[in-house]
Amino acid sequence: RSFVLKNREKFTFMNSITFKIPFIVLIVLLLGIGFVVTYYLKSQNSTIIMTKESEIRQEAEIIYTSIKNNMLAGEAPIAVSLFRDFEKSSLAANVGLYRADGISAFSDNKTIEVVNRILGKSRFPEKNKFTEKLVVTGADFTESVKNVSDVFVKNTDKEKKSIVIYKPLLNQPKCSKCHGVDHVVRGVIRISSPLDEAYRKAKSNTVFSVILYSIVVLVLTGIIIFFLKKTVITPILSVRRVVKSVGQGDFDTKIMINRQDEISELSREINSMIDGLREKFRLSKFVSKSTLEHVKKDDDITLGGEKKELTVLFTDIRDFTKYSENKDPALVLEMLNRIMNLQAEIITSYGGDIDKFVGDEIMAVFEGDDMVYNALSAAEKIKKEIKEINKDQEMPVYVGMGVNTGEMISGNMGSQERIDRTVIGDSVNLGARLCSIAGNNTIILSEFSYEYVRERVSVVEHGAVSVKGKENKVKIYTLKNTL
C-alpha cells in the first residue's frame, strides 16, 4: 500500500504544471539549441578537416613539382635528398617515389640498366648504395597508374589518421629519350600527411561546444523557469489554493495578485465568483434541503407539485412568550437559537428535512421506507435532550411534538418572482393540530403514522379526538418510546 501511495504522489507531481512547464522548457531548449549547436559544430569540424586537407593538397603539389623538376634534370640523388627534407619539415610525414610496378625507386640499378640500354651506352654508372626496397600494392596505387590520375585516400578509421596522395610522374618527351616511349607513367609519388592535429582540434572543438551548450541550456532553463515560476506557476498555484479553500467552505479567502495580465483578470473573476458563492451559501441556510436538491437537479424551475406519501414532524416550544417575559432579549434569543439549533441537528441526523421555522415552531418532512420511525426517533431524542437542558435552567423549557403520515402535495408554491418549495395538504395540517394539542415534552402521533410502526414503538392509546379542520374524529397515541 505504501508503494502505491508513493507512486501516486510521483504520478501526481509529474502531471502538475510545476513539473510539466520546466520539463517542456528543458526539452525545447535541448532540442532547439542542440540542433543549432550540432549543425554549426558539424560545419566547423568539417571546415577544420577540409582546410587541413586543402593544405595537404597544396603541399603535395609543391612536393610534386619539386620532385618532378629534379627528376627531369636527371638529378635523382637530389630528389632522394628532397624526400628526406620534406619528411623532416611539416609538409609531409612520408614521401616516396615508386615505379609503375610498385617497387620503390632508387632501391636497385634497374632504372639505370634500362636507360643505358635505350641509350646504347653506359652513360650512367651503376650504384652500390640503395634506399630501402619497399613495395606498394593496392587498388589506390593501381588506379593512379592505370588512369594516370591523382588519387586521394583518407585513413580515418585507424588510431593515427592520415591522408595519402598518389600522384603519377608522367613520362614526358624530355624523359622519353632516356626512358623510352613504351609507357606513360614513369612512376608514382606517394605522399602521406597526418590528419591527427585536425581531428584533435575538431575533438577539442566538440568538447568545448558541448560544455558551452550544457552551460547555456542550464542557465537559460534556470532563467526561464524562474520567470515562469514567478509570473505563471506561483500565481496559478495561488489560485489553486484559494479554489481548494472555497471547495472546503472557506468563502473569505481571496486571490491577491496585483498585476495587469490574463492571470490577474482570471483572479478578479474568481474573486467575484467567490463573493457570489458566499452569498448563495448564506442564502442556502434559509431554504430546505429538498429545495437545494431540487435546484441542483432541475434546470427549469416552475410552479407545481406532485402527490407523495410523506411524514411530517411539528415541534413547538410551549409558553415561550411567558418564558421570555422580564428577561433580557439577548438571552431569550440565545436560548431560542440554542433550542432550535438542537432540534434541527437531531432532525437532520435522522434524515429529516427542515421545511421551515415559524417563530418557535419547526416543521420537518421525512420520506422513505423508515420515515415514520425516523421522525419518532428524532422526536424522542429531542425530548431527551430538552430534559438535560432543563436540569440547568431556573425556568424549564418544554416542547410539544406532533407526527402524522399521509398523502401530501410536494412542490413549488408561490409566484414566478418568489417560489417556496414545501409540502401542503390536509395531512400536513393534521400534523400541526397534533402538535398544538400535545402536552409538555409529549409526542403525539396519529393513527395513520401508528399503522407504519405499531411493532416498533411503545405507546399510550387515546380515544378519538376532534381536530380543527377534520370532520371525523382522529385516533391518537402518545409515544412512550421507540423499540
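Predicted model: local features only at pLDDT ≥ 70, side-chain atom pairs only at ≥ 80, totals over all residues.

Lys391 is exposed, because its relative accessible area is 61%. Here buried means under 20% relative accessible area, exposed over 50%, and partly exposed in between, with a 1.4 Å probe and protein chains only. Lys391 forms a salt bridge with Glu388, and their closest N and O atoms are 3.2 Å apart. A salt bridge is a side-chain nitrogen of Lys or Arg within 4 Å of a carboxyl oxygen of Asp or Glu. Glu388 is partly exposed, at a relative accessible area of 41%.

Residues are numbered from 1 along each chain as its sequence is written, and side-chain values use heavy atoms, leaving out hydrogens and water.

By the salt-bridge rule, the count comes to 14. Side chains of opposite charge can pair when their charged atoms come close. One of the pairs is Asp370 with Arg456, with the closest N and O atoms 3.2 Å apart. This pair links distant parts of the chain, 86 residues apart. Asp370 sits in the loop between E7 and H12, and Arg456 in the loop between H14 and strand E11 (457-465). Helices (H or I, at least four residues) and strands (E, at least two) are DSSP runs, numbered from the N terminus. Asp370 is partly exposed, at 37% relative accessible area. Arg456 is also partly exposed, at 32%. Asp101 pairs with Lys110, and there the closest N and O atoms are 3.6 Å apart. Asp101 counts as partly exposed because its relative accessible area is 41%. Lys110 is partly exposed too, at 43%.

Now the chain as a whole. The secondary structure comes to 14 helices and 12 strands. The protein chain has 483 residues, of which 37% count as buried. Its accessible surface is about 29,600 Å², and 56% of that belongs to carbon and sulfur atoms. Accessible areas come from the Shrake-Rupley method with a 1.4 Å probe; for residues, only the protein chains shown count as cover. Take contacts between residues at least 6 apart in sequence: 66% of them join residues at least 24 apart. Contact means heavy atoms within 4.5 Å.

What lies inside? The largest nonpolar core has 37 residues. Such a core is a set of buried Ala, Val, Leu, Ile, Met, Phe, Trp, Tyr and Cys residues joined through side-chain atoms within 4.5 Å. Leu313, Ile317 and Phe366 are among the residues with the most contacts inside this core. Elements that give two or more residues to it include strand E5 (304-318), helix H11 (329-349) and helix H12 (371-390). H12 gives the most, with 10 residues. Leu313 touches Ile347, Phe366, Ala375 and Met401, among others, not counting residues up to four places away in sequence. A second, separate core has 14 residues, including Ala60, Val95, Leu97 and Ile163.

Helix H11 has 21 residues and reaches 30 Å from its first C-alpha to its last. That is close to the 30 Å expected at 1.5 Å a residue, where the expected span is 1.5 Å times one less than the number of residues. Its buried residues include Val332, Leu336, Ile339 and Gln343. Gly351 follows H11 and has a positive phi, near 85 degrees.

Most residues other than glycine have a negative phi. Val148 has a positive phi of about 50 degrees although it is not a glycine. Val148 is in the loop between helix H5 (139-147) and strand E2 (151-155). Val148 is partly exposed, at 32% relative accessibility. Asn441 also has a positive phi of about 50 degrees. Asn441 lies in the loop between helix H13 (426-437) and E10. Asn441 counts as buried because its relative accessibility is 9%.

Asn116, in helix H4 (residues 110-119), is buried at 12% relative accessible area. Its C-alpha is 9.1 Å from that of His179, 63 residues away along the chain.
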